Amino acid sequence: MPVRPRHLAAAAIAAPLGLAPATVLAAGFYLQEQGVTGLGRAYAGEAAIASDASTIYFNPAGMTRLESAEVQAGAHLLFPRSSTRNDGSSFTNANGQTLPVEGSEGDNPYDPTPLPNFYWAEPQSDRVWLGFGLGTHFGLKGEYDDDFFARYDSLETDLRVLNLQPSIAVQVSDRVSVGGGIDLQYADATLRAAIPDPIGPDPALDGEYRLEGDSWDVGYNLGVLIDLADTTRLGLHYRSGVTHTLKGTARVAMPKNGPPLTGPVVATGEADLKLPDIASAALSHRFNERWTGLLQYTWFNWSNFDEIAVESNHPLAEQELAQDYRNSYALAIGAEYELNPAWTLRGGIQYDRTPTRDSHRSTRTPDGDRTWLSLGASWHPSERLSVDLGYSYVHVSSEDIELTREFDTGTVEYSGSTRGRVNILSAGLRYRY
């Protein structure tokens, strides 16, 4: 039976769907690594503590609690590792014949990944501060071997969402501050995956599709900081979800090697990538001159990522694909200890629930519940300069993969499981002026 390009083009143009739910760095595909001191606390109390300029991301109202103008730069080096097991995946071709899908179970698809951040905050008067933040808030980069058993689901994924955040904060009273910022986001995505031959799953006969797309869009965030007492502070922060319309091109060839049966087919298309609303509530309490306790609850509105509606210049390439994400949350507890004027020590634990479900979990989404264990320290060689260090170990729970992928050449039924872990090293510099 010949391969009809209309379905191959549809699969390729729908690729942003596969890009969106992919990361091994935080539940879903959100990147929490937006501050070095925060990493050392497992991001406990970030919306309340306001100890440095990274508060611009976690709660811009906290700028009014900084001692002076500050600029900081940090970098996180992530060492993700994921493993996937094949538990009897199969392919049913157009003639009704069911064959096993075999291949390697995939080496670790992730390389060590740097993730930089930059922040600047400066007072404009006794009550008004301006600030700017720069970072990557969502993303993944991973690549499997070409003979990976789940190659018809994913081979290569590269997703980055860069966020530029100009911000303002106002001290309303001695105990209350408010703040907000504009999120200027650029999303860029590349995807590659295999297409099964009509006769059966064979890496030598596979087709291939590749999609590239990008988008600019805008969101916002708002925060409030309240000193409940001289030693206790409450922080509330909300970041709006942003919907990116990824526009790009898809190239489809069948097979990828040898004389083409179909293709190369090139089509243009677009698909919405819906990023979640994020709301946080945090407490910071100073027990004495040395000890500070921190607590934070963060809620993610992942349920808006229920499907992707694909539009194309080819009418037969239009379709809707279910994602079935559920809302999720993260709960973190941590502490800081001022050892002496030159050193501050910190630590924390976080539980971060995955929004994915077994029936829609993809090998682009080797995702499970995360447990963070974090340690950090800051060295203050002078009143103006600070050096921050942090380390986190993130355990990713084992989860099932029960996934169906339909092609004009047949249907692939994936059955397997996945688990992973991440080691994160962070370092940063802060300068107050």
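Here is a short chat about cavities, a pocket and a surface patch.

Analyst: This is a predicted model: local features need pLDDT of at least 70, side-chain atom pairs count only at pLDDT 80 or more, and totals for chains, interfaces and linings use all residues. Residues are numbered from 1 along each chain as its sequence is written, and side-chain values use heavy atoms, without hydrogens and water.

User: How many cavities of 30 Å³ or more does the structure hold?

Analyst: Six. A cavity is a set of points, on a 1 Å grid over the protein atoms alone, where a 1.4 Å probe fits but cannot get out. A volume is the space filled by probe spheres set on the points, which are joined across faces, edges and corners.

User: How much space lies in the largest cavity?

Analyst: About 190 Å³. It is lined by 17 residues, and Tyr 30, Phe 58, Ser 280, Gln 296 and Thr 298 lie nearest its centre. Lining residues have an atom within 4 Å of a point.

User: What classes are in the lining of the largest cavity?

Analyst: There are 10 nonpolar, six polar and one charged residues. Ala, Val, Leu, Ile, Met, Phe, Trp, Tyr, Cys and Pro count as nonpolar, Asp, Glu, Lys and Arg as charged, and the others, Gly among them, as polar.

User: And the largest pocket? Which residues lie nearest its centre?

Analyst: Ser 51, Glu 67, Arg 286, Glu 336 and Glu 338, out of 35 lining residues. A pocket is an open set of points with protein on both sides within 12 Å along at least five of seven lines. The largest pocket has about 960 Å³ of space. Its lining has seven nonpolar, 13 polar and 15 charged residues.

User: Which element gives the largest share of that pocket lining?

Analyst: β16, with four residues. Strands are DSSP runs of E, at least two residues, numbered from the N terminus.

User: New topic. Which strand supplies the largest share of the nonpolar patch?

Analyst: β13, with three residues. The patch includes Leu 228, Tyr 297, Trp 299 and Leu 373, and its members have about 810 Å² of accessible area together. Such areas come from the Shrake-Rupley method with a 1.4 Å probe; for residues, only the protein chains shown count as cover. Nonpolar side chains (Val, Leu, Ile, Met, Phe, Trp, Tyr) are joined within 5 Å, like charges within 9 Å.

User: Why does Leu 373 count as partly exposed?

Analyst: Because its relative accessibility is 46%. Buried means under 20%, exposed over 50%, and partly exposed in between (1.4 Å probe, protein chains only). Leu 373 sits in β18, residues 370-379.

Definitions and conventions. Patches are made of residues with over 30% relative accessible area and no salt bridge: like charges are joined within 9 Å, nonpolar side chains (Val, Leu, Ile, Met, Phe, Trp, Tyr) within 5 Å. A salt bridge is a side-chain nitrogen of Lys or Arg within 4 Å of a carboxyl oxygen of Asp or Glu.
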